[in-house]
Amino acid sequence: MATHLPEVVAMPASSGIRERLIVALDMSNGATAQALVQRVGDAAGIYKIGLQLFTHEGPALVRDLVGSGRRVFLDLKLHDIPNTVSHAVRAATELGVHMLTVHASGGAAMMRAATDAAGAHLSILAVTVLTSLNDDDMLETGVSGRVTDQALRMAALAQNAGCKGIVSSPREALLIRKSLGEGFAIVTPGIRPTGTESNDQQRTATPAQAIANGASHIVVGRPITHAADPAEAARAIISEMEQARISR
């Protein structure tokens, strides 16, 4: 069981820019993930393990990365009754992970159960609207209004429920930051450096656009993991982030 973990707080804009880059380990093989982490090294501050990799490798890989001094963002997007989510969050705290996602659509009671179970050792981030969805998808699932409206609604609900931050498209980050203020993490996936493909995500932005819009962290997968030199790709993204931060 992990003990004496440092308190986790939402990262302000002035924090080291390297700590604001999250590398998505969107692969199914633990050995491949470990090799990628070694290649990126200290060029990035946090590594994300999502459903694909966690389902293949389980908690052992998380323990290995945490044990090697890496910060791990466990992106499981928990969505269940409050009691079940509470127990899952406690298990994540024992793994020593830095961040963990739940779905904001699970409701305030579920998110409060998650934040209570996390205590000071783990940042609970609430997913607002998946970056693969658009306005038509919202209507199809019975949600009235635009994606932006739903993202703002879910972000406010998450903040009131005690979450340390939210996960949202960079397209909504500016409005969310203006609405919720500073001191609240906004983690943005769907980041695509200029000239790269959007793949299966609808609402994308460049690293500079995301930071300029108020994102506290950006999540980057294929532009780093598929690069010939992943560390250099990460450093180039950090440079773009730094320039955007200075110009804000």
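Contacts (heavy atoms within 4.5 Å) between residues 24 or more positions apart account for 68% of those in the chain with a separation of 6 or more. The model is predicted, so local features need pLDDT of at least 70 and side-chain atom pairs count only at pLDDT 80 or more, while totals for chains, interfaces and linings use all residues. Residues are numbered from 1 along each chain as its sequence is written, and side-chain values use heavy atoms, with hydrogens and water left out.

The chain has 11 helices and 8 strands, taken as DSSP runs numbered from the N terminus (helices: H or I, at least four residues; strands: E, at least two). Of its 248 residues, 52% are buried, where buried means under 20% relative accessible area, exposed over 50%, and partly exposed in between (1.4 Å probe, protein chains only).

Because 5 of its 5 residues are buried, strand 4 is largely enclosed by the rest of the structure. In a regular strand the side chains alternate between the two faces of the sheet. Here Met-99, Thr-101 and His-103 are buried on one side, and Leu-100 and Val-102 are buried on the other.

Strand 4 has parallel partners, strands being paired if DSSP finds at least two bridges between them. With strand 3 the pairing spans 3 bridges, and Leu-74 stands opposite Leu-100. The chain crosses from strand 3 to strand 4 through helix 4 (residues 82-95) in a right-handed β-α-β crossover, meaning that, with the strands pointing away from the viewer, the path from the first strand over the helix to the second runs clockwise. With strand 5 (residues 123-127), strand 4 pairs over 5 bridges, and Leu-100 stands opposite Ile-124.

Leu-78 lies in strand 3 (residues 71-78) and counts as buried at 16% relative accessibility. Beyond residues up to four places away in sequence, the residues that Leu-78 touches include Val-85, Ala-88, Leu-100, Val-102 and Met-110. Its C-alpha is 9.3 Å from that of Ala-104, 26 residues apart in sequence.

Elsewhere, Ile-211 belongs to helix 9 (residues 207-212) and is buried, with a relative accessible area of 0%. The C-alpha atoms of Ile-211 and Ile-186, 25 residues apart along the chain, are separated by 9.9 Å.
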